[in-house]
Amino acid sequence: MLYKELAEVYDKLEKTSKRLEKTEIIANFLNKIKKQKEEISSGIIYLLRGRIFPDYDERETGISSQLAIKIISKATGISSADVNKKWKSLGDLGKVAEELAGKKRQATLFREKLSVDKVLHNLRGLIEFTGKGTVDRKIGLIAELLASASPLEAKYIVRTLLGDLRIGLGEGVLRDAIVWSCFGKENKEAFEKVQTAYDSANDFAVVFEKARKGLHALESIEIEPGRPVKVMLALKVDSIEEGFEEVGKNADFEFKYDGFRLMINKTKEGRIYLFTRRLENVTKQFPEVIDYVKKNIKGKSFIIDSEAVGYDFKTKKYKPFQEISQRIKRKYDIEKLSKELPVEVNVFDILYYNGKSMIKEPFKKRRELLEKIVRKERFKIKLSESLITDDAKKAEEFYKKAIEEGEEGLMIKKLDAPYKPGARVGYMLKLKPKTKEFDLVIIGAEYGTGKRAGWLSSYSVACVHEGRFLEIGKVSTGLKEKEEEGLSFVEMTRLLKPLIIEEHGRDVKVKPRVVVSVIYQNIQKSPTYNSGYALRFPRIVRLRPDRSVKDIAFLKEVEKEAKKEHR
Ligand code: ATP
């Protein structure tokens, strides 16, 4: 297929903000690509999402705005300084590429027509290079594409490169378009089936491949050890009573540990993989866990859900998540850290065991299986502390005990519920002492003045609604001036700088990547921000490197909290 056809689809999507129109555009396009071979159509699906691999695959092109400027300069023969100037005025390197590609057009009348395959091939080529000469080779690969690209194609190649397609295509729209294209708009059952399939596979290309063969094929998508599954999420409740109302009696109460979610996978070949809730592969980062899994869990193959909590090996004191989070992305000193700051794994669910999916089994049965197969060993691996009861008083006491022991609160689980990957359903609830807090993503920032000159020191934070990030406030408190004291302006500036996509004076816009937990005093309706709400007295309490932009607060949650406050 010609890349031109895809670029035209992007263009149409960009021109409308209406969800139904977007779905129609994509559904029509999917009808067309149904005729393509599987390898080609899967590539097209990834590109539609602005990616070159499935969603769970962490490999990215690693091209910064600065490198993109060099690439555009090389492809068009216009100096980097001039490209930079254009960028400042247009605010989007994609548009810069579009405009400049239009100018050099006369010079390259006999350009080769770009195929989707070629674009994908060169973009994927970017990740293969490491070591000496990498930058020049990367520039070469993309400049080659831009040299043959029409203005429209150039715009979207550059945006794909930067991981910022700006066509407003969320997961939900693509899901609906697959349903429309493969099963028709009216097929209600198919919406849920496609979503369930996606939550298990985390790969829209696989889902589309099966969907075009029919509902039956779609249902055959099973979870499988070694391929990350989205974790089930919890709803919030404010009291034990509310917990019972949601999940019924008896209920399972468990300590809510302050660590990070870890999915432990063992494949039938005996290989062990660890994934975070963002589906990052962290197998290499936690060698001690591999060791516990080998020694303490019985079974040929499994997927086990757990919370890993760090502790100081010498003092045997548990550490808050913030202090252990450094291990998640760590690439060096891994062995040393695994000895000094190891994790204890608190196992609480099982999704797959010895060749069979367990997600449709009731929770109680899954927990019983865990009891049988995990050999508990303190400071290594254990089952989460649990109490099954219908007695509110006993549950209250258990809650008190959890808090006294320094845990975050309780999880409350429905005994006869299945496991729903990726869903925030009422099968699992969380109960915590009240603080008002949201996880939000930084979408912009401002350079400080005076003592804070040179640092990005005020941040625009956003929640999400149907794939769009909506601003909900500006935060400048909570960070430290000195790096030794905790999360500092310097560190934040270091994180945000490579993500800059637009600059206007002291203000910058950044790719939405950095997730932070923000506490606040209350929420007000506000015309200032496009979410329609503003957080009053917001304060950043921590970075959430364990969270992706998919995990941030939904606009709906913000609305719900705002309503509660005004009751
Ligand atoms: P919060 O920000 O309140 O921690 P969250 O956004 O991390 O919530 P939720 O799914 O809403 O995620 O809350 C449940 C989280 O608590 C789980 O994702 C898991 O990481 C953690 N957790 C700790 N202990 C348990 C447990 N016993 N059972 C299930 N989850 C647990």
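These legends go with a set of close-up views of one predicted protein model and its ligand. Local features come from places with pLDDT of at least 70 and side-chain atom pairs from pLDDT 80 or more, while totals for chains, interfaces and linings use all residues. Residues are numbered from 1 along each chain as its sequence is written, and side-chain values use heavy atoms, with hydrogens and water left out.

**View 1. The whole protein, before zooming in.**
Start with the overall build: 22 helices and 20 strands. These are DSSP runs numbered from the N terminus, with helices being H or I of at least four residues and strands E of at least two. The C-alpha atoms fill a box of roughly 80 × 65 × 55 Å along the principal axes. A compact globule of 567 residues would have a radius of gyration near 24 Å, so the protein's 25 Å agrees with that. (The radius is taken over C-alpha atoms, and the globule rule is 2.2 Å times the number of residues to the power 0.38.) Buried residues make up 54% of the 567; buried means under 20% relative accessible area, exposed over 50%, and partly exposed in between, using a 1.4 Å probe and protein chains only. Among contacts (heavy atoms within 4.5 Å) between residues at least 6 apart in sequence, 70% join residues at least 24 apart.

**View 2. Side chains reaching the ligand.**
A ligand nitrogen is 3.0 Å from an N or O atom in the side chain of Glu254. Ligand oxygens pair up too, at 2.8 Å from an N or O atom in the Lys256 side chain and at 2.6 Å from one in the Lys432 side chain. The protein covers 93% of the 600 Å² of accessible area that the ligand has on its own, by the Shrake-Rupley method with a 1.4 Å probe.

**View 3. Lys230 and its neighbours.**
Lys230 sits in the loop between α13 (215-219) and β1, and is buried, with a relative accessible area of 13%. Its side chain makes a polar contact with the side chain of Asp199 at 3.2 Å. In protein, that term means N or O atoms within 3.5 Å, one able to donate a hydrogen and the other to accept it, with sequence-adjacent residues counting only if both atoms are side-chain atoms. Tyr56 is 174 residues away along the chain, yet the C-alpha atoms of Lys230 and Tyr56 are separated by 9.4 Å.

Most residues other than glycine have a negative phi, and most peptide bonds are trans. The bond from Lys249 to Asn250 is cis, with omega near -10°. Arg166 has a positive phi, near 55°, and is partly exposed at 28% relative accessibility. Glu466 has a positive phi near 45° and lies in the loop between β13 (456-465) and β14 (468-475).
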